[in-house]
Amino acid sequence: MKKTCSVLLAVIVAAFLLTGCGGGAPEESASSGDSSSSYTSEESLTADTQKVELTYWQHSSEARNAMITELVKKFQEENPNITVHLEFIPEDDYTEKLIPALATDSAPDVFQVQSGMVTRLAKVGSIQPLDEAIMPTASIESDFIASTIDGLKYGGKYYGVPTDTQSILLYWNKDLLKAEGLDSEKGPQTWEEMFEYARKLTKTNNGQMVQSGWGHKGYFPEVTSIVEQYAGKFYDSQSGKYVFADDETAVKAITDISNVIRVDKVYDENFMANWAGFREGKVAMMLGHPAMIGNLATTAPDINYGIGLIPAADTGSRSSCVTSWGYVMSKNAESEAATKLIDYLGSEEVEKQWTLITGELPARKALLDDAELKADSKISIALESLNESFVGSLQTGALNTIWNDAYEKIMVTDESLETILKDCQDKLNEEIAKDIE
Amino acid sequence: MNIVNSSKVQKKTKKVNMIKIAPYLFIGPAVIYIFAATIIPIIMALPISFTNWSALTPDKKFVGIDNYQKLIYDKDFWNSCLITVKFFVFVPLVMLVSLGTAVILNVKLRGIKFFRVIFYSPVITSTIAVALLFEWFYQPSFGLFNNILNFFGLAGIGWVNNASTAVMSVIIFKIWKDFGIGMLIYLAGLQDVPGEIKEAASIDGATAWQKFIYITMPMLRPAHIYLLITNIIGVFMIFQETYMLKGPLNSTRSVINYIYDKGFSSAEMGYACAMSFVLFLIVMTVTLVQYKATKMDLL
Amino acid sequence: MKNNNARKIYFKIILYLLILIITVIVAFPFLWMILSSFKELSEFYNVPPTFLPEKFNLDNYRELFSRGQFGVYYLNSILVTSIQVVTSILIDLAAGYGFAKYQFKYRNGLFLMVLSSTMIPWVATIIPLYILVSNLKMVDTYWGLILVGMADATFIFLARNFMTSIPTPLLEAARIDGAGELTIFRKIVIPSVKPLIAVIGIQKMISSWNAFQWPLLVVNSDKYRTLPIAIAKLSSQYEDAYDLKMAAAVVAIVPVLVIYILFQKYFTEGISLSGIK
């Protein structure tokens, strides 16, 4: 009995040690201890400078993956001492993989993270500031659009550069609009028109939806855009709190936009997934990111669609919410090499190609007036949307989940909008408070 | 190979030693594996559950019973418990279906073995893969099930897409997937029921139904107990089905799904460990009570 | 008497009918899946749905294996499954034999540990296990994927129960003849437990092939994904791509079904071997 006790004790002690060693053990380079990554490129063997291996994660989409593989190949040719291991992780999965990796101190060297996470991670020291010698603060500030780098600064230093910058654009199926006798070239210009079009384009048969006018599911950037346009207040940056449920104008805006579901029933979750429906020609209009330009080109090349700015409110505002991700590097990364990679990924050349292929917006000021980009009619509209834009206030996975859960409630239950919003606001504030303590 | 060349005396002492060492060598790998993969982790879970370990607090701090206190007030946790309780409807239903099919297949007919093979086939397939199929069957607008209902002039229902029918839909799927396990176990039990007893009962004028209730059912007691226990534990552990077939408003989020979300989507490792430890205690208690109540020996 | 005969026939018809209905319920989804995997996406939106594909095409499979890298996932699944089947047979048999046929210190205690580990729900261990594997730098490697699932307590239990029936005098006789312990295990024990090996091997194969929870956690990148993970992720990657999903389900299910039909007696035997009735 005594023996069993002592064995048990030893096990418990061992368990404590095992759990304890997670944060403590310092590592010079994350990849040096990783015996499994035996892959090395030929270039790095020929170089006589010190070899550095970097792991790199990004959330994937087909257009992005192929492109980044090409770009990184080029980067490795320019920097023969650096080998980059690319990992593409599906967007839905991305947070689920990155967050545990951060918690267990096994994050990749360079990775994308939603911009709302950057300051939080910087605060706990999971990521390190960019190497000043390669990317000086002053040049970051002069080169990038202010709204895209606002969230990347902590303690006077930049922790990353923006990527995956997105605004909200309007997509419509020209054929379906034409069939209803609606303006299929310009699309709806105001929210009133948008609601009107959506009602007209929704078709049911025996009470079952056969065509949806607008695949609206309360995607956060859509909703916050209309709130902003109505001059409502979604988030109060001074107090650092969400205030939309207490702001009359904001509630009015959310009521208007959610009524397309609650009253007009222009989309039904039982019908089909919204973008899938758009691709099949069964959903007539969508609000979405410019990235869908690149996406639709590969997934639905035959669809005849139009693209325009987000509808305008009575206030005349046509403001669109801008969200972005940041390229950052983990605290274990070799600072110089990692900054070089980030510098390259955020360079004008890369951003331009990125925009041309995926439709995602550039974050560099110089590219806003780039002639080649403007030549493409779709991309030029995407660029135009940046002229009147504001930064989204909900840019972490956990916050998004709370918002989506709440909006689902708006869509499928009869609960009063005010209660749902209030409840959602409390939960959001609770989530961001985790940071402050 | 050395043994072959060594002297007889050495050989003998070596052998005596070998008999002492051999069992440890045989069980060694298994014991080490189970120790490392199950015992150490379960012991580790306890200290972790007393920390605030998360992605935003990688330098974990000891927070005492904070996580356990938080759990008491966590509405989402209790809601997921409630959903898990709803899934318990599965247990009697699947046992009934298993028993029914077993009774049918126990009749001596030509080619009956072939049907046994077919009926068991869903069990061996990947839950994830067949869930894709059912995802399509359940699709409210285009899916098969509503088309069948419409064909008979009935209105379609929302299935997984409707919070009030989502749990039911998952249960139907799970019965289809799992009834074969119980069927085989019942079948083995049925084949052990001696024919003489039934014959004697027939002579005494017992109907088929009476024979089934008073003779067959009691003989199947061990099978009932085994299936009851494994199915209850199975429901506590429900994860893959609800990972794939997600109802709206978190209507199918089971305890395990919730723990998984907390542990990995928001990486609240400390809190997730506290929840899983509580669940572990509940499952252990239920299991032990069942073993006790049914007077089954642990070994 | 006549009446009785008529009743018997009546009874048989009902029985066959019932069996037929259950067969349809069980087998129809598989049939539907296979046929649908040759359909184009637009056909999935037909009301009423079509049973046979309007246009029989292999595009879905082509797309899975080119764009979706299903070839890689397939190889991963085969690799992980085959290694785990081998290690599981070796480790479980050896342990079962050790527990069944030797007297040694702590035997009962260790066996109780093995046994009680089957009662620990996986969710209680999975977070610490992830942390452990992460500390060993084995997240997102083949090691992490394969090591967890190398052996199974239930099979050890099964093997131990089965092996107690091996006559001890047989082993003693071999010992007197000068056979080493390992030789006895290899030459006498293993050949006499072939059905057990088949049962463990096939059941482990199925469970490894279908394994989901652990691979879901430990695999990050595309190149280590196994089939079930890849299939689960089709939903998020391609939204409503039912055509691809059906083809993916076929790819994962059909090989298992074939093996099951070929070796079906070992599945039923597993039940009787474990002595649960």
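Q: What makes helix H5 of chain B oblique to helix H12 of chain B?
A: Happy to walk through it. In this predicted model, H5 (residues 90-105) and H12 (residues 221-236) of chain B pack at an angle of about 135°, and their axes are 9 Å apart. Axes here are lines fitted to C-alpha atoms, for helices over the stretch in contact, with angles running from 0 to 180 degrees between N-to-C directions. Angles under 35 degrees count as roughly parallel, over 145 as roughly antiparallel, 65 to 115 as roughly perpendicular and the rest as oblique. That makes H5(B) oblique to H12(B).

Q: Is the crossing of H5(B) and H12(B) left-handed or right-handed?
A: H5(B) passes H12(B) in a right-handed crossing. The term means that the near helix is turned clockwise from the far one by less than a right angle, while anticlockwise gives left-handed.

Q: Which residues of H5(B) and H12(B) meet?
A: Phe90(B), Val91(B), Val94(B), Met95(B) and Ser98(B) of H5(B) meet Leu227(B), Leu228(B), Asn231(B), Ile232(B) and Val235(B) of H12(B). Being in contact means C-beta atoms, placed from the backbone, within 7 Å. Eight of these residues are nonpolar, two are polar and none is charged. For these classes, Ala, Val, Leu, Ile, Met, Phe, Trp, Tyr, Cys and Pro count as nonpolar, Asp, Glu, Lys and Arg as charged, and the others, Gly among them, as polar.

Q: Why is H4(C) called oblique to H7(C)?
A: Helix H4 (residues 107-117) and helix H7 (residues 153-163) of chain C pack at about 130°, with axes 8 Å apart. That angle makes H4(C) oblique to H7(C). The crossing of H4(C) past H7(C) is left-handed.

Q: Which residues make the contact of H4(C) with H7(C)?
A: Val114(C), Leu115(C) and Ser117(C) from H4(C) meet Ala153(C), Ile156(C) and Phe157(C) from H7(C). Five are nonpolar, one is polar and none is charged.

Q: How many residues of domain 1 of chain B are in contact with domain 2 of chain B?
A: The domain assignment of chain B, automatic or from a database, gives domain 1 (2-69) and domain 2 (75-293). 12 residues of domain 1 are in contact with nine residues of domain 2. H2(B) gives the largest share of the domain 1 side, four residues.

Q: How do you know what to trust here?
A: Chain C averages a pLDDT, the predictor's confidence in each residue from 0 to 100, of 89. Local features need pLDDT of at least 70, side-chain atom pairs count only at 80 or more, and totals for chains, interfaces and linings use all residues. Residues are numbered from 1 along each chain as its sequence is written, with chains lettered from A and ligands numbered from 1 in the order written.

Notes:
Helices (H or I, at least four residues) and strands (E, at least two) are DSSP runs, numbered from the N terminus. Two residues are in contact if their C-beta atoms, placed from the backbone, lie within 7 Å.
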